[in-house]
Amino acid sequence: MKRLIDESDIRREVTNVGKKIAHDYRDSQLTILGVLTGSIVFVADLIRAIDLPVRLGVIQASSYRGRTTQPAALTIDTHMLPDIRGRDVLIADDIFDTGRTLDALVKDIRQQEPNSVGSVVLLRKQGRQTVEIEPDYHCFDIPDAFIVGYGLDYNDDYRHLPYIAVMEEQDL
Ligand code: 5GP
Ligand code: MG
């Protein structure tokens with residue numbers, strides 16, 4: 001495994017994005033919605049970098065990727081969603097890859113009639129997008145590689161790593 005982003009760089013960028021969000025949402029009723037499970041480490045740090053009375057909720061999205069190039073079937077579980085009617089929602093996810101997850105989540109959340117829906121991601125993978133939308137905020141642009149750590153897993157392992165690493169062929 002090769003380290004890609006250090007703890008100190010993560011802390012710096014998450015703090016910067018938190019400040020931007022705090023500025024942009026200063027007159028809003030902000031609810032951050034963390035996408036389980038990959039975003040929990042990011043969201044825990046992000047909410048402490050936003051100097052506003054922010055609310056926190058979670059939503060689950062899972063994609064079961066078929067073999068080879070088969071499109072993944074996406075399941076969204078809204079059972080744990082708090083009341084977001086009239087609130088300014090920011091969906092927070094670990095990584096924007098094809099963008100299908102975020103695209104589907106934004107559409108789903110809009111049905112709950114929030115005042116606004118935006119998005120923030122830790123990582124944006126380059127050259128992979130298949131959707132129109134872009135995250136409103138992101139911390140890092142990364143190359144097209146398989147990433148673990150800081151909440152991101154490989155077969156449910158490595159989420160606890162405090163840094164971000166690239167899984168290499170021999171690790172898989
Ligand atoms: P998208 O729908 O944008 O293609 O994929 C987003 C989801 O796929 C992320 O929330 C994450 O769960 C998973 N994902 C995409 N790329 C990676 C990666 O490099 N590493 C890990 N661990 N998960 C990824
Ligand atoms: Mg995810």
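Select Phe 42 to start. Leaving out residues up to four places away in sequence, Phe 42 touches Val 14, Ala 92, Asp 93, Val 120, Val 121, Leu 122, Cys 139 and Tyr 150; contact here means heavy atoms within 4.5 Å.

A word on the model. This is a predicted model, where local features need pLDDT of at least 70, side-chain atom pairs count only at pLDDT 80 or more, and totals for chains, interfaces and linings use all residues. Residues are numbered from 1 along each chain as its sequence is written, and side-chain values use heavy atoms, leaving out hydrogens and water.

With Phe 42, they touch the most other members of the largest nonpolar core, which has 30 residues. A nonpolar core is a set of buried Ala, Val, Leu, Ile, Met, Phe, Trp, Tyr and Cys residues joined through side-chain atoms within 4.5 Å. Buried means under 20% relative accessible area, exposed over 50%, and partly exposed in between (1.4 Å probe, protein chains only).

Now find the other core. This one lies apart and has 16 residues, including Ile 59, Val 89, Leu 102 and Val 121.

Move to Leu 81. Is this residue buried or exposed? Leu 81 is buried, at 15% relative accessible area. Beyond its neighbours within four places in sequence, its contacts are Leu 33, Val 58, Ile 59, Ile 109 and Gln 112. The C-alpha atoms of Leu 81 and Ile 59 are 5.9 Å apart, although 22 residues separate the two along the chain.

Last stop: select Phe 146 and Tyr 154. Phe 146 is partly exposed, at 38%. Tyr 154 is also partly exposed, at 25%.

Key:
Chains are lettered from A and ligands numbered from 1 in the order in which they are written.
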